[in-house]
Each structure stands twice: as structure tokens, then as C-alpha cells.
Amino acid sequence: MTATADLYDEHGEALASLSVQLRDFGGVRSFSGPVRTVRCYEDNGLVKAVTQTPGEGAVLVVDGGGSLRSALMGDLIAAAAVENGWAGAIIHGAIRDSVAIGGLGLGVKALGTNPRKSSKAGAGVLDEAVEIGGVVFRPGATVYADEDGVLVER
């Protein structure tokens, strides 16, 4: 994948740049693909369900409201994402099992970590546009992520 800095130089304002500072956790640092979205708050039931479906190279963007009180992805969900062909996950929230996730062939960016499990009720919304840090992630738009940050087609 072309570096995000080079992509921005080439395409400029056709790409939105996420200013929210996310940490890299996955074993893959540079990833891209079509956006799929989940909006949830301290409940990873939908995250688990969608990662168990064919990813076909997509990137799951999870708007967890920025909560760090519980993890929205752990090693089992991340492993399911790898098994089902997802390119990565961008999580506006926390993950857990960060060492195990670091050993997987999956790009994972998140705000931080928390060992606490989230609820599993499945509350939330799937595949609707989500806004994180003023940037809109629309299902189907291409997202690019690497060590420098996250860009998405406007």
C-alpha cells in the first residue's frame, strides 16, 4: 500500500484525515479496504457478529464513542476477523489481549486497552455512516491506515 502521507500529497482534500490519535496493535501496520461500520457503546456483540462474516478485504470501523471503560475487541474476535478475510479494524474505543492481537495478520488501530469485557447484548447499528473526530466513515468508501494515521475517501 502507498503510504498515507504520499496518498494525501497526491489526492489532497479528496481524502479526510483522522486527527484522533490511535495506537497500532495489530500484526499488520499498513492496511486499507472498503469501510464497514459498527456503532456501539461498551457492547461488542455486533463487532463479534460482523467479524464472523466474510470480510473480503474490508476494514471494520467501530465507533465506540471513545469509551475506554471496556474492550470492544479481543483476541478471539480479532482471530475470527483474520479467518474471515478482514483487512483490519479501526476502533474508537479500547481493545484487550493486545499482545495476542499483535501476533495476528490483521491491522488494528484503537485508542487504547482495557482488560474489562464489554456487554454482549448486540446493541448498536451496523453499516451506517459514523463520524469520529469530525471525519465521516461511509460504508463502501476506501480507508487507508498506516503508522502515520488514517485517511478515508470523502
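Visitor: What percentage of the 154 residues in the chain is buried?
Guide: Buried residues make up 47% of the 154, where buried means under 20% relative accessible area, exposed means over 50%, and partly exposed is in between (1.4 Å probe, protein chains only). Please keep in mind that this is a predicted model, in which local features need pLDDT of at least 70 and side-chain atom pairs count only at pLDDT 80 or more, while totals for chains, interfaces and linings use all residues. Residues are numbered from 1 along each chain as its sequence is written, and side-chain values use heavy atoms, with hydrogens and water left out.

Visitor: What share of the contacts with a separation of 6 or more comes from residues 24 or more positions apart?
Guide: That share is 74%, a contact being heavy atoms within 4.5 Å.

Visitor: Why is T4 called buried?
Guide: Its relative accessible area is 5%, so T4 falls on the buried side of the cut-off. T4 sits in helix α1, residues 4-11. Beyond four places in sequence, T4 touches Y144, A145, D146, D148, G149 and L151.

Visitor: What makes the pairing of the T4 and D146 side chains a polar contact?
Guide: A polar contact is a pair of N or O atoms within 3.5 Å; within protein, one must be able to donate a hydrogen and the other to accept it, and residues adjacent in sequence count only if both atoms are side-chain atoms. The T4 and D146 side chains meet at 2.7 Å, so the pair qualifies.

Visitor: Why does S118 count as buried?
Guide: With a relative accessible area of 9%, S118 is therefore buried, and its place is the loop between β7 (107-113) and β8 (125-126). The S118 side chain reaches the backbone nitrogen of N44 at 3.1 Å and the backbone oxygen of A71 at 3.3 Å. Outside four places in sequence, the contacts of S118 include E42, D43 and S70.

Visitor: Why is I91 called buried?
Guide: I91 has 0% relative accessibility, so the label buried applies. I91 belongs to strand β6, and residues that I91 touches beyond four places in sequence include L22, V62 and L111.

Visitor: Why does D127 count as partly exposed?
Guide: D127 has 30% relative accessibility, so the partly exposed label holds here. D127 is in the loop between β8 and β9 (130-132), and its phi is near 55 degrees, a positive value in a residue other than glycine.

Note on methods:
Helix = DSSP H or I, 4+ residues; strand = E, 2+ residues; numbered from the N terminus.
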